[in-house]
Amino acid sequence: MTSRLPPIPTVIDIGLASLGLAAFQKERDTMTTSPDTTSQDTASRIDIARRLDGVMYPDLPADVVRDAKARRVVIIRGQSDDYVILDGAIQDEVYHDFRLTRDDVLSPMAAALEEAVDLNSRYGDNDPRALDSIRKWVSEREASVLIKADYTDDGWKLETQAPHSTFRIMEDEDELHSYGLVIALDELPGLPAQDAAA
């Protein structure tokens, strides 16, 4: 049986550099992992991406989303021209670049930093509560990865340095809509040891 999906283009802009077909397939299937990850985390991410490859816009198969949630895998994809959807282990909507941790989505100005700014304005520059909030914000940033989300004339462009797999989202049987990302949360960095116990 012949697949009706169009072939993966020979050059795809999915990261810091445009990759040829062989490099895209290798990245999609065997992306390097963080040192504390297991091959099961990587296998889960790759399996979810393969099952999603060629999915029709805008909906994802419910069984794949449930499986992603059970395996702590996040599916990231553009939706219309104004927001990005996260499905699976984390369900959320974002409207710009964001940071992803093992347990949550952080806006560029996370709640801990907003709290520090508020405490600073009320109690002065050296208030210990403000300094603690700033330390928390720094820890959150150290234990997170940036997902760049830009909407262009060609659709959503999602970029990250995190271990990830990609999949194609189709507009109809032979027209590419965009690419999505699949990230296993357990492949992301954990909180620094001193903060994890707090």
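Trainee: What share of the contacts with a separation of 6 or more comes from residues 24 or more positions apart in the chain?

Mentor: Such residues account for 53% of those contacts. Please keep in mind that this is a predicted model.

Trainee: How many helices and strands does the chain have?

Mentor: The chain has 6 helices and 12 strands. Of its 198 residues, 45% count as buried.

Trainee: Why does Ser 178 count as buried?

Mentor: The relative accessibility of Ser 178 is 4%. Buried means under 20%, so Ser 178 counts as buried. Ser 178 lies in strand S12, which spans residues 175-184.

Trainee: What makes the pairing of the side chains of Ser 178 and His 177 a polar contact?

Mentor: The two side chains make this contact at 2.9 Å, and the cut-off for a pair of N or O atoms is 3.5 Å. Residues adjacent in sequence count only if both atoms are side-chain atoms, and here the contact is from side chain to side chain. Leaving aside residues up to four places away in sequence, Ser 178 also touches Phe 167, Arg 168 and Ile 169.

Trainee: Why is helix H2 called roughly antiparallel to helix H3?

Mentor: The axes of H2 (residues 39-52) and H3 (residues 62-70) cross at roughly 170° and come within 11 Å. Angles over 145 degrees count as roughly antiparallel, therefore H2 is described as roughly antiparallel to H3.

Trainee: Which residues make the contact?

Mentor: H2 contributes Asp 47, Ile 48, Arg 51 and Leu 52, while H3 contributes Asp 63, Val 64, Asp 67 and Ala 68. By class, 4 are nonpolar, 4 are charged and none is polar.

How values were computed. Residues numbered from 1 in each chain as written. Predicted model: local features only at pLDDT ≥ 70, side-chain atom pairs only at ≥ 80, totals over all residues. Heavy atoms only, no water. Helix = DSSP H or I, 4+ residues; strand = E, 2+ residues; numbered from the N terminus. Buried < 20%, exposed > 50% of the residue type's maximum accessible area, 1.4 Å probe, protein only. Polar contact = N/O pair within 3.5 Å; in protein donor to acceptor, adjacent residues only side chain to side chain. Contact = heavy atoms within 4.5 Å. Axes fitted to C-alpha atoms, helices over the stretch in contact; angles between N-to-C directions. Parallel < 35°, antiparallel > 145°, perpendicular 65-115°, else oblique. Nonpolar A, V, L, I, M, F, W, Y, C, P; charged D, E, K, R; others polar.
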